[in-house]
Amino acid sequence: STENKHPGDLSDSNERHMNIKPFYKAVQAHAGDVLLICSDGVTDVMTDGEIAKFIHERILKDLIFGEIVEELKEHVVELMKNSHNGDNIVIVGFTVPK
C-alpha cells in the first residue's frame with residue numbers, strides 16, 4: 001500500500017525496493033556558464049570528455065545552446081541504437097543568466 005511509504009521511497013509496484021544512490025556534485029556557476037545534466041543512459045554511451053568535445057565543437061559553430069542539446073540527444077540516441085543499450089536518456093541543459 002502506498003499510504004505507508006515515506007517521501008523518497010523508490011519501491012516499484014511489486015514492492016521490491018530498488019537500491020538507488022543518487023550522484024550529485026556542487027559546482028560554482030557564474031553568469032553565462034552553460035550547465036548540462038545527463039542521466040546514466042547518456043554517460044553509458046559517451047564519456048564526459050566526449051560530451052564536452054561534442055558541445056565545444058558546436059559552440060565553435062555558433063549554434064545556440066538549445067540546438068546543441070537537441071543535436072546531443074539525437075547523437076546519443078544513434079549511439080544507443082548501435083550499442084543495443086535499452087536504457088532511457090535524460091538531458092537537461094541551461095545557461096546561467098547574465
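Leaving aside neighbours within four places in sequence, Met-46 is in contact (heavy atoms within 4.5 Å) with Ile-51, Phe-54, Leu-72, His-75, Val-76 and Leu-79. The model is predicted, so local features need pLDDT of at least 70 and side-chain atom pairs count only at pLDDT 80 or more, while totals for chains, interfaces and linings use all residues. Residues are numbered from 1 along each chain as its sequence is written, and side-chain values use heavy atoms, with hydrogens and water left out.

**Chain overview**

- The protein chain holds 3 helices and 2 strands, where helices (H or I, at least four residues) and strands (E, at least two) are DSSP runs numbered from the N terminus.
- Along the sequence, these elements follow the pattern β-α-α-α-β.
- The chain has 98 residues, and 18% of them count as buried; buried means under 20% relative accessible area, exposed over 50%, and partly exposed in between, with a 1.4 Å probe and protein chains only.
- Among contacts with a separation of 6 or more, 65% come from residues 24 or more positions apart.

**Confidence**

- The average pLDDT of the protein chain is 80, and 82% of the residues score at least 70; pLDDT is the predictor's confidence in each residue, from 0 to 100.
- Among the elements, α2 has the highest mean pLDDT (90) and β1 the lowest (86).
- Where pLDDT is low, the predicted coordinates should not be read in detail.

**Nonpolar core**

- The largest nonpolar core has 13 residues; such a core is a set of buried Ala, Val, Leu, Ile, Met, Phe, Trp, Tyr and Cys residues joined through side-chain atoms within 4.5 Å.
- The residues with the most contacts inside this core are Val-42, Val-45, Met-46, Ile-51, Leu-72, Val-76 and Ile-91.
- Two or more residues of this core come from each of α2 and α3 (65-83), and α3 gives the most, with 6 residues.
- In soluble globular proteins, nonpolar side chains tend to be buried together.

**Residues of the core**

- Met-46 sits in the loop between α1 (40-43) and α2 (48-60), and Met-46 counts as buried because its relative accessibility is 3%.
- Val-76 belongs to helix α3 and is buried, its relative accessible area being 0%.
- Not counting residues up to four places away in sequence, Val-76 touches Gly-41, Val-42, Val-45, Met-46, Ile-89 and Ile-91.
- Val-76 and Ile-91 are 15 residues apart along the chain, and 9.9 Å separates their C-alpha atoms.
- Val-42, leaving aside neighbours within four places in sequence, is in contact with Ile-51, Val-76, Ile-89, Val-90 and Ile-91.

**Largest pocket**

- The largest pocket has a volume of about 690 Å³; grid points are joined across faces, edges and corners, and a volume is the space filled by probe spheres set on the points.
- On a 1 Å grid over the protein atoms alone, a pocket is an open set of points where a 1.4 Å probe fits, with protein on both sides within 12 Å along at least five of seven lines, and lining residues have an atom within 4 Å of a point.
- The lining has 17 residues, and Phe-23, Leu-36, Ile-37, Cys-38 and Asp-48 lie nearest the centre of the pocket.
- β1 (34-38), α1 and α2 each supply at least two lining residues, and α2 gives the most, with 6.
- By type, the lining divides into 11 nonpolar, 3 polar and 3 charged residues; Ala, Val, Leu, Ile, Met, Phe, Trp, Tyr, Cys and Pro count as nonpolar, Asp, Glu, Lys and Arg as charged, and the others, Gly among them, as polar.

**Other residues**

- Arg-58 is placed in helix α2 and is buried, with a relative accessible area of 14%.
- Beyond residues up to four places away in sequence, Arg-58 touches Leu-63, Ile-68 and Glu-71.
- Ser-39 lies in the loop between β1 and α1, and Ser-39 counts as buried at 16% relative accessibility.
- Asn-88, Ile-89 and Val-90 are touched by Ser-39, not counting residues up to four places away in sequence.
- Asp-62 is in the loop between α2 and α3 and is exposed, with a relative accessible area of 67%.
- Although Asp-62 is not a glycine, its phi is positive, at about 65°.
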